[in-house]
Amino acid sequence: MSTQPALVSENVQAIENLEGGPARGGSFRGRRIGGDSWTTTFLLALCSLTVLIPLYVTIAMAFKTTEQAVEGSAFSLPAPFSIDGFREAWSLTDFPRAFTISLLVTAGTVFGTIILAAFASYAISRNWERRLFRYSFFYLLAAMFIPFPVLALAQIRLTGLAGLDNPAGVTLLHIMFQLSFSVLLFTAFLRSIPMELEESARIDGASTWQTFWHLIFPLLAPMSATVGIFAFLASWNDFMMPSLITSDPSLQTLPVVQSIFQTQFSNNYNVSFASYLMAMAPAIIVYIFTQRWVMAGVTQGAVKG
Amino acid sequence: MATTTATPVTTPHAPRPEAGPRKRRKVEPIYYLFLLPALVLFSLAITLPAVMGIFYSFTNSIGFGEWEFVGLINYQAMFSDPAILQSYLFTFGFAAVTVVVVNVVAFLLAVGLTARIRFKSGLRAIFVIPMVISGIIIAYVFNYLFSNSVPAAGSSLGISWLSESLLANPDLAWVAIVVVTAWQAIPGTLLIYIAGLLSIPGDVYEAADLDGASKLQALLRITLPLVAGYVVINVILGFKNFLNAYDIIVGLTNGGPGTETRSIAMTIVTGFTGGDYAYQMANATVFFLITIVISLVQLRATRGRSAL
C-alpha cells in the first residue's frame, strides 16, 4: 500500500495530464492510434447541451422584456434586448445589500477556514505522537459524518441564544462544517513536506511561530487554494443554513433572497431570471479562473489513497 | 500493510527522526494555541448541538419554556407517524434512484472524456459547471422549465403526461427532483471517475485488443472491474448527500404536491416552527444514527479512502 500523499499528487498529475488537450504520444489513454474520435466528441457535445441549455435560458430570459418573457418561448433570443429585468431586480431585491452580505459571509468562511484549519493541522501533524493532538484529529474529522439537518434545530436555538442568529453565526457554522475536510487535506499535505526544511529554519534560530508563518504556511498555498475554493462554493451557494439561522430577512444572503422574492417576482420572468443570473454569476466567474483547483480538489477530497 | 489500521486517514504518521528517542519531549505551548481555537469553536458549534439534540429528544420541549423527560415517547410516536414514515420512504427511494442515475451517466461521460476526443478541456470544463451553481437557484430555473417549457413541448408533441407540469403531478414530481439533483451531482462524480479511469495503465487495453476483445467487452470486463473502488466511493458519497436533500426540493416543489416530496431534512426543520421541537429532535437523532451506520459502511467498504 502506498502512502497517501504520493497518490494524492498522482491524482493531481492525472488531472493535469488531462488538461493538456488532445492526448499526444506518450499518453496511454488513446485507444485509437489513428487519431481523435469525432463520434465521441460529437456525442459528448450533444450531452453538454443539457448543461448549456438551462444556462442559456437563464441568460436569454434575463435580457428579455417582461412582455416577451411572459409570452414567448423560453428558448427564443431576446428581441428587443433589454436590461430592464436587471434594473428592477437590482432595486426590488436590494441586490447591493444581499451581495455584500453574501460576500462577507463567504470571505469570512474562506479566510476563517484556511486559518483555523492550517494552524490546527500544523499543531496536529507536528505532535502526532501526543495523544491529545492525535485524538483531536479524529474528533475534528468526525464532523464529516454529521450533516447539517441533524444539528439544525439545536443550532438554530443556540445561535439564537448567543445572539448569532445573523450572518456572523452563519459564517461561523460554515467554517465549522468545512473544518473536517480542510484539516484532512492540510494534514495530508503537511506530511509530504520534508522535515529537514523546518529543522534548518530552527537551526537558524526561528521560533515555532516564525517557522510556521514564514516557511510552512506559504508552502501550504496550493492546498489553501483548494480548501478556499471549496469553502467559497459551499458558503456562496448555501441556502438551507442561512435561511434557518438568520432571523432578519433583510440580512439574508443571495440564494435566500431569491426564495424570499419568489412570490414577488410573480410572472415577471425577466426580473426573476436577471436576479438568478446576478446571484450565480460570481461563482461561475470564480470557477472559470480556478478550474484546475476545483477539479483537483474534488479528486483529493474523495479519493484518498 | 497500512490498511490494517483501517485507513490511510488513520494511519499514524511515519515516525519523525526527532520523535524516537525523545518521545516524551515537552510540547511547545504555542502548539496548544494553534489547536485550541479550532477545538473550542468546533465543540461549541458542532458537539454541543449534537448532544443537546439527543438530550431534548427525550423531553417534551416545544423549543422554549418548561419541559420534562418523557422517555422514549417521541421515538415511539415517530415510528407510527405517517408524515415521518412518508418522508423516510420518499428520501430513501429518491436517493437510491438518483445514485443509480448519477453514477451511470457520470461513468459513461467519464469514459467519453478520457477517450481521444477533440476539445477535451473545453468539454470537461462545461460538464463541471453545474457543481458551482447554487442548488436552490438552479431549482428555480428548472421550476420554470418544468412548469412552462416542458408542458408546452409535451402538448405540441401530443404526450399527455408531459403536457401538464411534472411538479404538480403527485406521482411524477419526484422525477423532476431526481433530474435536477442529478444535473448538479454529476460533475463531482464524473471527476472522481475520470481520476479512476486515468489510473488504469494503457497496456491492459493493448493486451485486450490483441486478444480480440471488442470495445464493449473491454469496457465491461476491464474498465469496470478496475474502477470498482471508485464506484463504491461514488455510490456511498452520493447516497449520503442525497439523503440530506433540501435546497433543490424547496426550489422545485417545496415538498408538494401535498407532502408527497417532503424530504427528511424538510420534516426535521418543521420542528422549528411547528411546535413539535423535541419530537423532531428524536427524528433528527434517528436520522443521525442512520448516517453513522452508512458512514461506517463507507469506512469499511473504502478502507477510509473516501473522506467527504
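How many helices and strands does chain A have? And from there, which residues does A:L179 touch, not counting residues up to four places away in sequence?

Reply: This is a predicted model, and in it chain A has 15 helices and zero strands. Of the 305 residues in chain A, 49% are buried, and among the contacts in that chain with a separation of 6 or more, 77% are accounted for by residues 24 or more positions apart.

A:L179 belongs to the largest nonpolar core, which holds 171 residues, and together with A:A120 and B:Y193 it touches the most other members. Helix α6 of chain B, residues 173–198, gives the most to this core, with 17 residues. Leaving aside residues up to four places away in sequence, A:L179 touches A:T113, A:L116, A:A117, A:L140 and A:A143 in chain A, and B:A38 and B:F42 in chain B.

The contacts with chain B can be followed through the helices. The axis of helix α8 of chain A (residues 167–191) comes within 10 Å of the axis of helix α1 of chain B (residues 29–56), and the two cross at roughly 110 degrees. Because angles of 65 to 115 degrees count as roughly perpendicular, α8(A) is described as roughly perpendicular to α1(B). On the side of α8(A) the contact is made by A:L172, A:L173, A:M176 and A:L179, and on the side of α1(B) by B:A38, B:L41, B:F42, B:A45 and B:I46; by class, this contact has nine nonpolar residues, with no polar and no charged ones.

Within chain A, A:L140, which A:L179 touches, also takes part in a contact between two helices of that chain, where A:A120, A:A123 and A:I124 in α5(A) meet A:F133, A:S136, A:F137 and A:L140 in α6(A). The residues of this contact divide into six nonpolar, one polar and no charged. The axes of α5(A), residues 95–126, and α6(A), residues 131–142, come within 8 Å and cross at roughly 135 degrees, and the two helices are therefore oblique to each other, with α5(A) passing α6(A) in a left-handed crossing.

Conventions:
Residues numbered from 1 in each chain as written. Chains lettered and ligands numbered in written order. Predicted model: local features only at pLDDT ≥ 70, side-chain atom pairs only at ≥ 80, totals over all residues. Core = buried A, V, L, I, M, F, W, Y, C linked by C-beta atoms within 7 Å. Buried ≥ 20, exposed ≤ 12 C-beta atoms within 10 Å, placed from the backbone. Helix = DSSP H or I, 4+ residues; strand = E, 2+ residues; numbered from the N terminus. Contact = placed C-beta atoms within 7 Å. Axes fitted to C-alpha atoms, helices over the stretch in contact; angles between N-to-C directions. Parallel < 35°, antiparallel > 145°, perpendicular 65-115°, else oblique. Nonpolar A, V, L, I, M, F, W, Y, C, P; charged D, E, K, R; others polar. Left-handed = near helix turned anticlockwise from the far one by under 90°.
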